[in-house]
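Please read them with the sequence and the structure open.

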Amino acid sequence: MSTLLKSATIIDAHSQFNNQKKDILISNGVIEKIENSITIKPEYTVVELENLHISNGWFDASVSFGEPGFEERETINNGLYTAAKSGFTAVAVNSNTLPVIDNKSAVEFLINKSFGNATKLFPIASLTQKSEGKEMAELYDMQQSGAIAFGDYNKPLQNDNLMKVALLYTQNFDGLVISFPKNKLIAGEGLVNEGKNSTKLGLKGIPALAEHLQVARDLFLLEYTGGKLHIPTISTKKSVELIREAKKKGLKVSCSVTPHHLTLTDDELHGFDSNTKVTPPLRTQEDCDALIEAVKDGTIDIITSDHNPIDIENKKVEYNAAKNGTIGLESFFGALNNTINFTDIIEAFTTKPRTLFGLEISKIAIGEKADLTLFNPEDKYTFSKKNILSTSKNAIFLGKELKGKTYGIFANNQLVIR
């Protein structure tokens, strides 16, 4: 089987063809030719799309699907189909299922269930049993079964000693520990960012201090123990400063941010739209500006959608009762590209996350396996429900003007196009 991509602008800083418009012939999943013009043959599947750009396949390092246990939110197959059409050739799936992914059988279930899809699935297993924060889960066994990291999704680990032990233990097999940045006692029953908007609207606030204290604690423990620590979805200027200083010390710490924390503030709360209820909460413009700068200078390593489908029964309710979370795969590129030039940040969702999680890095070169994302960076549109492929529709960017659409992917010897 051969696929011919016509007039594709290659975006890959490490490729000799970077920023060049080329024809690309893929045969049996491998890049066979990259030339100015390749003659079309009857047996070729030809892809000719407006303003076609390609890059190394995108990797989303924080995705939640419902299955097993919450299939009404999202199934693995539809989730991977959505990811493929949203431009992702690989996703790391969180452990917030029922039961949670806290043993080798559960890890193997996710991998086996995803078999045959164009988008690869990599499990992030729970750090503690049942994600309860009391006893450490079977980390080594789960890594041997395919888990790429360990963390209790959106649940802060309050037990300082357990975090210390986890950082020490995982060094035996080069494991990566994920620690959600929230001090639960300081956050209390807060719903949104503590500030002028929470006061005006009468909503209980979560102080930014709750994030800062947890980040500081984890960095102190990392400095003491060594090991590798990933802090997901940071949301404040102070968190950036703490992590920047830790990196200067040589600590093996990484962090991520979402498009909605880069582009939206807690001013969005005035409509009491439950889609704006996310974890961490939307912060201030000062925080957004600091996060954007941190992405550009590399302090923030990766950008992730933090895709978290929530069914209508738990989302289309009064603000206080709604569950936290937003879907983000479909709006990922358009929201980012609307704020930051994608060429400045594309490594934050291509090569950097793969390096961080110890995965193979693809190359756009002759003889290399084709692992490609296809997109148009210039197309402007209003994000609406017709753009949503997920089963759940809880999208924080509904009604927003976005810039840039994904066409799909070529990966795992499969072409998936919107």
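Which elements do the buried residues of α2 pack against?

1. This is a predicted model, and the points below should be read with that in mind. The buried residues of α2 pack against α1 (76–85), β7 (88–93), β8 (120–125) and α3 (139–145).

2. Helix α2 covers residues 104–113, and its buried residues include Ala 106, Val 107 and Leu 110. These residues cover an arc of only 105° around the axis, so they sit on the same side of α2. The general rule is that an α-helix has 3.6 residues a turn, so residues three or four places apart point the same way.

3. The loop between β7 and α2 contains Pro 99. The peptide bond that leads from Leu 98 into Pro 99 is cis, with omega near 0°. Another cis peptide bond joins Thr 279 and Pro 280, where omega is about -10°. Pro 280 is in the loop between α9 (259–263) and α10 (285–297).

4. Helices α7 (residues 208–225) and α8 (residues 237–248) pack with their axes 9 Å apart and at an angle of about 10°. Angles under 35 degrees count as roughly parallel, and α7 and α8 are therefore roughly parallel to each other. On the α7 side the contact is made by Glu 211, His 212, Val 215, Ala 216 and Leu 219. On the α8 side the residues are Lys 238, Ser 239, Leu 242, Ile 243 and Ala 246. By type, the residues of this contact are six nonpolar, two polar and two charged.

5. How many disulfides does a search of the whole structure find? The search finds zero. For Cys 255, the nearest cysteine sulfur is that of Cys 288, 15 Å away, whereas a disulfide needs the two sulfur atoms within 2.5 Å. Cys 288 is likewise in no disulfide. Cys 255 is buried, with a relative accessible area of 0%, and Cys 288 counts as buried at 2% relative accessibility.

6. Asn 51 has a positive phi of about 50° although it is not a glycine. Asn 51 lies in the loop between β4 (44–47) and β5 (53–56), and at 32% relative accessibility Asn 51 counts as partly exposed.

7. Asp 306 also has a positive phi, near 50°, and is a residue other than glycine. Is Asp 306 buried or exposed? Asp 306 is buried, with a relative accessible area of 5%. Its place is the loop between β15 (302–303) and α11 (312–315).

Methods
Residues numbered from 1 in each chain as written. Predicted model: local features only at pLDDT ≥ 70, side-chain atom pairs only at ≥ 80, totals over all residues. Heavy atoms only, no water. Axes fitted to C-alpha atoms, helices over the stretch in contact; angles between N-to-C directions. Helix = DSSP H or I, 4+ residues; strand = E, 2+ residues; numbered from the N terminus. Parallel < 35°, antiparallel > 145°, perpendicular 65-115°, else oblique. Contact = heavy atoms within 4.5 Å. Nonpolar A, V, L, I, M, F, W, Y, C, P; charged D, E, K, R; others polar. Buried < 20%, exposed > 50% of the residue type's maximum accessible area, 1.4 Å probe, protein only. Arc of directions from axis to C-beta.
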